[in-house]
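I opened the notebook to look up a few points in one model. The entries follow in the order in which I checked them.

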Amino acid sequence: MQFARSSMKSSIYEEGLARIIYNSNVFLNPKAKLNRDISVVIAKEFFKGRFSVLDATSATGIRAIRYAKEANADPITVLDINEDAIDIIHRNLSLNNVNATVIRDDIRSFSLRSDKRFNLIDIDPFGSPALLVNSAFTLASKRALLFVTATDTAVLCGNKHRAALKKYNAITFDSDISHEVGARILIYFIARIASQYNFGIEPLAVLSYNTYIRLYLKIERGDDKAMKSIESYGFFYKCNECGNQGLYTRYNIEQRCSVCNSRVNISGPLWIGKLFNERESYSDALKDLASTYKANEWRWIIKAILEELDIPFYYYLPEITSRLKKGSISIDKLIELLRSNGYMASRTHFNKSAIKCSCSYSELKGIISDLKV
Ligand SMILES: C[S@@+](CC[C@H](N)C(=O)[O-])C[C@H]1O[C@@H](n2cnc3c(N)ncnc32)[C@H](O)[C@@H]1O
């Protein structure tokens, strides 16, 4: 096969079982390895055998190749709109002995003319995935996985309010809880589109890391599935005055804080359902993955993902201790204390200075104010 740009200077990058040629015209980010590693683990544990994949925004072909070599994916379809990417994808597939159908196309036009249906669709564009999500639901099989990356975290997490309204139909405000809020706004946004196609969604895992949010979603067609997702729509609120925070379901939005009666800031609509469904199905495999990491940070993230309580939202401790004029407190000791008082409590991967717990903001504040520090 002739490769038009094969004379361009290229380098080799190795990750998992893939060896990847890349050059300056085609995107490859080694920092997204954690995101790709978790994708491979969840896909492998979910399907436990062959499954079809659409790597819809492929760049070098690295995801398609890793799904093939590490998770048994077959058949594989790879898309990219960039001509240079298509050239590199062909070279990488042959370097790795992986067969795939490679198409230079925009996922949106591909979805209108393709009659193929896929068990896993991976969308990993530059910036927001908002315009590409519709296509995934026309291309998905009845029960499928949809993995989506968003790198427009400034929009989702509360720094760009106008863009959040336009792109995600969401009201946002900047807060210490912004990363979890951003992830849940994106899940809600996808769930809304899913229901238009008569699909329900169940998040299997969420990764908020660096400058991106990655969602690992199970999607399933059916009226009952779509209706069940709708039960998980709601809003996040935080009181400017006393710091009280919590969530409103779709039907009980208040403008005033239930503790001090001041006005609250509201973010949403967003997803208030679970983020880590069926976690036990992939937890051993993720633990094995974590043991391969040299970087403490990545080991810590995986541990936190596996242990965090699956409830909305976390409490940001520096905010509470500063309101109470307390010095810093040991998070591990606080978690122990909460558990010994009969609450559920854990760390959260969304923020190293935060916890999740089953008590209300006021109860937590009471417990922290009694602490001797
Ligand atoms: C962030 S890179 C993908 C990185 C790759 N998934 C990885 O893990 O290394 C985004 C790629 O999506 C392609 N792209 C952007 N919009 C697209 C669309 N609408 N349809 C297909 N490909 C698209 C770009 O050309 C680019 O190569």
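Which residue stands opposite Tyr216 in β9? I found Phe147 opposite Tyr216. I also noted that Ala205 stands opposite Tyr216 in β9.

Basis. I am working from a predicted model, in which local features need pLDDT of at least 70 and side-chain atom pairs count only at pLDDT 80 or more, while totals for chains, interfaces and linings use all residues. Residues are numbered from 1 along each chain as its sequence is written, and side-chain values use heavy atoms, with hydrogens and water left out.

Entry on β9. I took helices (H or I, at least four residues) and strands (E, at least two) as DSSP runs, numbered from the N terminus. Strand β9 covers residues 212-221. I looked up its partners, where two strands pair if DSSP finds at least two bridges between them. Strand β7 (residues 140-150) pairs with β9 in the antiparallel sense over eight bridges. Strand β8 (residues 199-209) also runs antiparallel to β9, and 10 bridges join β8 to β9. I then checked the connection: β8 and β9 form a hairpin with two residues between them. Asn210, in that turn, has a positive phi of about 55 degrees.

Is β9 mostly covered or mostly open? I found nine of its 10 residues buried, where buried means under 20% relative accessible area, exposed over 50%, and partly exposed in between (1.4 Å probe, protein chains only).

Entry on the ligand. I counted a residue as near if one of its heavy atoms lies within 4 Å of the molecule. Of the 19 residues around the ligand, Arg36, Arg63, Asp80, Ile107 and Asp124 come nearest. I looked at individual atom pairs next. A polar side-chain atom of Arg63 lies 2.7 Å from an oxygen atom of the ligand. For Asp80, a side-chain N or O atom is 2.7 Å from an oxygen atom of the ligand. Ile107 uses its backbone: an N or O atom there lies 3.1 Å from a nitrogen atom of the ligand. I noted that α2 (62-71) and α4 (107-113) are the elements that give two or more residues to the shell around the ligand.

Entry on Leu338. I placed Leu338 in helix α13 (residues 331-340). Why does Leu338 count as buried? Leu338 counts as buried because its relative accessibility is 0%. I also checked Leu338 against Ile367: the two are 29 residues apart in sequence and 8.2 Å apart in space, C-alpha to C-alpha.

Technical notes:
A polar contact is a pair of N or O atoms within 3.5 Å; within protein, one must be able to donate a hydrogen and the other to accept it, and residues adjacent in sequence count only if both atoms are side-chain atoms.
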